[in-house]
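Thanks for making the time. Let's walk through one protein, from the overall layout down to single residues.

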Amino acid sequence: MTTTPATSFSDRLPTPVRDETAQVTRLLGELQGRVDWSAVIATGTPWVDAVRRQPAPFWAMESLLREYPISSAEGLALTADQLGRADFSGHAADAPGHGQAHPMLSGLASQAIHLSKKLLPEDGDAPNGGGLLQRLGAKTVVAATVRAIQLLGRQFVLGQSIGEALTRADANRREHALIRHSFDMLGEGARTDADALHYGRAYANAICAIAAKGRPARPEDGDGISIKLSALDARYEPAQFATVAGRLMPRLLALVNAAAEANINLTIDAEESERLELSLVVLDLLAAHVAATFPQWQGLGLAVQAYQTRAPEVIDEVTAIARRHGLRFMVRLVKGAYWDGEIKRAQELGLAGYPVWTDKRHTDLSYLACAQRLLAAPEVYPQFATHNAGTIAAILEMAKAHGTPFELQRLHGMGEGIYREVMKRPDAPPLRIYAPVGEHRDLLAYLVRRLLENGANSSFVHQLADEAVTPQMLLASPLRAPSRSVLPMPLQLFGAVRVNSKG
């Protein structure tokens with residue numbers, strides 16, 4: 001099989017740096033008359049009210065943010081380096097106003113964090129004094145602190161092994177027949193080729209274990225797996241693709257072949273914006289291989305991040321690739337989890353603009369525009385991953401006009417309350433849970449990323465935990481005139497002092 005892409009990386013998508021106001025105006029025009037937002041509010045308000053009356057378990061993200069808002073000293077402490085400065089002792093399991101928090105788990109969490117604080121020295125400890133940091137050593141104290149965070153984070157990981165995760169997945173299915181899972185091996189990408197080989201073995205073992213549970217009639221009917229291309233090769237980047245392809249593609253094709261033979265879903269996870277066109281090239285190469293060897297398999301998928309300004313064009317390109325090869329893809333639409341990193345890289349490089357929307361409402365709008373494209377495309381099976389009740393209700397409304405089969409998705413440990421209500425509907429679509437799998441040593445980066453992503457004041461998950469935010473405010477329509485960015489352009493980062501350097 002050739003590893004030479006049919007077109008260059010830059011031929012597939014427009015430039016990521018475009019006028020944000022003009023792009024938002026264009027998307028508003030596309031969605032005009034397609035979403036009745038009064039119906040969205042009517043659908044979503046009872047879900048919000050029900051979740052607030054009966055909160056999710058303590059370990060769920062919403063309840064965690066209610067206990068320790070990320071804007072508070074306690075919330076910031078969950079980023080580890082601040083842990084010793086926070087006062088968690090006031091959050092007892094039986095404190096008033098804690099809703100349905102499980103007493104044992106809530107108490108355990110408070111004790112774990114409080115204990116970790118006690119292990120750290122007080123600010124007033126003399127450099128040569130009696131603090132535990134000096135007596136036990138930094139490694140011991142850090143290990144205890146990390147262990148406390150692991151106690152908090154274990155509920156965001158379905159299992160430390162794929163076998164454990166599959167057992168818990170079976171229990172989830174017994175609660176609701178429409179539940180499926182997409183397993184993700186914890187890790188933030190390979191740093192060495194040894195890392196890449198480790199991740200490759202983990203993916204292969206997971207596919208084998210999923211396949212052993214039985215062959216689904218269709219990939220969308222059973223559990224699947226998500227893989228990260230940057231985990232399969234440490235040099236997965238456009239400048240290195242000619243070199244990397246000889247290593248990456250054989251590893252990737254082996255996983256695709258195994259998933260196709262088992263008839264399960266394999267989704268290529270999202271990467272940062274600079275790898276976006278490269279991922280489309282890889283998808284095109286994989287599609288050619290699948291069309292030649294497994295033409296009946298409909299389980300190859302890609303995750304698309306709506307916070308990237310080119311997300312609608314990505315949807316168009318993905319459907320074009322599927323059409324060209326006579327395939328159907330499974331496309332997971334997410335809002336995106338690396339916004340801060342994208343912003344900082346654009347500033348560091350001194351770009352003319354940002355590759356992501358600078359206003360959350362613009363991301364919500366982009367998500368709906370992408371959803372409209374997916375629902376109208378016979379070449380894809382749409383998978384809508386969101387914890388936002390307004391977005392979920394809008395998807396349900398938009399889907400009525402198409403009659404297209406689709407599924408909803410949430411992260412394990414998040415969105416439990418909202419989806420508890422959504423799945424009570426007689427017309428509820430299937431729900432897939434994105435389920436991280438891995439050892440606790442790999443957990444910290446994932447947990448902190450999720451806390452920061454959902455702890456922002458503009459986050460739906462954060463606002464859901466704040467009863468001062470009314471349902472009408474929480475479910476406000478994104479179908480409004482574009483907002484002016486509060487971020488300076490990367491080149492104007494230093495204002496009148498000087499022009500920012502490029503790189």
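**From the fold to single residues**

Of the 503 residues in this protein, 55% count as buried. Buried means under 20% relative accessible area, exposed means over 50%, and partly exposed is in between, with a 1.4 Å probe and protein chains only.

Two notes on method. This is a predicted model, where local features need pLDDT of at least 70, side-chain atom pairs count only at pLDDT 80 or more, and totals for chains, interfaces and linings use all residues. Residues are numbered from 1 along each chain as its sequence is written, and side-chain values use heavy atoms, with hydrogens and water left out.

The secondary structure comes to 20 helices and eight strands. Helices (H or I, at least four residues) and strands (E, at least two) are DSSP runs, numbered from the N terminus. Now contacts, meaning heavy atoms within 4.5 Å. Take those with a separation of 6 or more: residues 24 or more positions apart account for 78% of them.

Next, the strands. Two strands pair if DSSP finds at least two bridges between them. Start with β1, residues 179-185, and β2, residues 224-227: they run parallel, joined by three bridges. Phe183 has Ile225 of β2 as its bridge partner. β2 also pairs with β3, residues 266-268, in the parallel sense over three bridges. There, Ser226 stands opposite Thr267.

Which residues of β2 are buried on each side? Gly224 and Ser226 are buried on one side, Ile225 and Ile227 on the other, and both faces of the strand are covered. In a regular strand the side chains alternate between the two faces of the sheet.

Move on to β4, residues 300-305. Six of its six residues are buried, so β4 is largely enclosed by the rest of the structure. Leu300, Leu302 and Val304 point one way, while Gly301, Ala303 and Gln305 point the other. β3 and β4 run parallel, with three bridges between them. Ile268 stands opposite Leu302. On to β5, residues 329-334: five bridges join it to β4, again in parallel. In β5, Val331 is the bridge partner of Leu302.

Now the connections. β3, helix α12 (residues 276-293) and β4 make a right-handed β-α-β unit. A crossover is right-handed if, with the strands pointing away from the viewer, the path from the first strand over the helix to the second runs clockwise. β4, helix α13 (residues 311-325) and β5 make a right-handed unit too.

On to the nonpolar cores. A core here is a set of buried Ala, Val, Leu, Ile, Met, Phe, Trp, Tyr and Cys residues joined through side-chain atoms within 4.5 Å. The largest has 106 residues, and Phe183, Leu266, Phe329 and Phe384 touch the most other members. Helix α11, residues 241-262, gives the most to this core, with twelve residues. Apart from it lies another core of eight residues, among them Val157, Leu411, Met414 and Tyr434.

Look at Phe329 for a moment. Leaving out residues up to four places away in sequence, its contacts include Leu283, Leu300, Val318, Ile321 and Tyr381.

Most residues other than glycine have a negative phi, and most peptide bonds are trans. Is Asn263 buried or exposed? Asn263 is buried, with a relative accessible area of 8%.

Next, helix α15, residues 360-375. Of its 16 residues, 15 are buried, so α15 is largely enclosed by the rest of the structure. Asp359 caps the N-terminal end: a side-chain oxygen lies 2.8 Å from the backbone nitrogen of Arg361. That is a polar contact: a pair of N or O atoms within 3.5 Å; within protein, one must be able to donate a hydrogen and the other to accept it, and residues adjacent in sequence count only if both atoms are side-chain atoms.

Ala352 sits in the loop between α14 (339-349) and α15. Ala352 counts as exposed, at 57% relative accessibility. Its C-alpha is 8.9 Å from that of Arg18, 334 residues apart along the chain.

Last, Arg432, in strand β8, residues 431-437. Arg432 is buried, at 0% relative accessible area. A polar atom of its side chain lies 3.2 Å from the backbone oxygen of His181.
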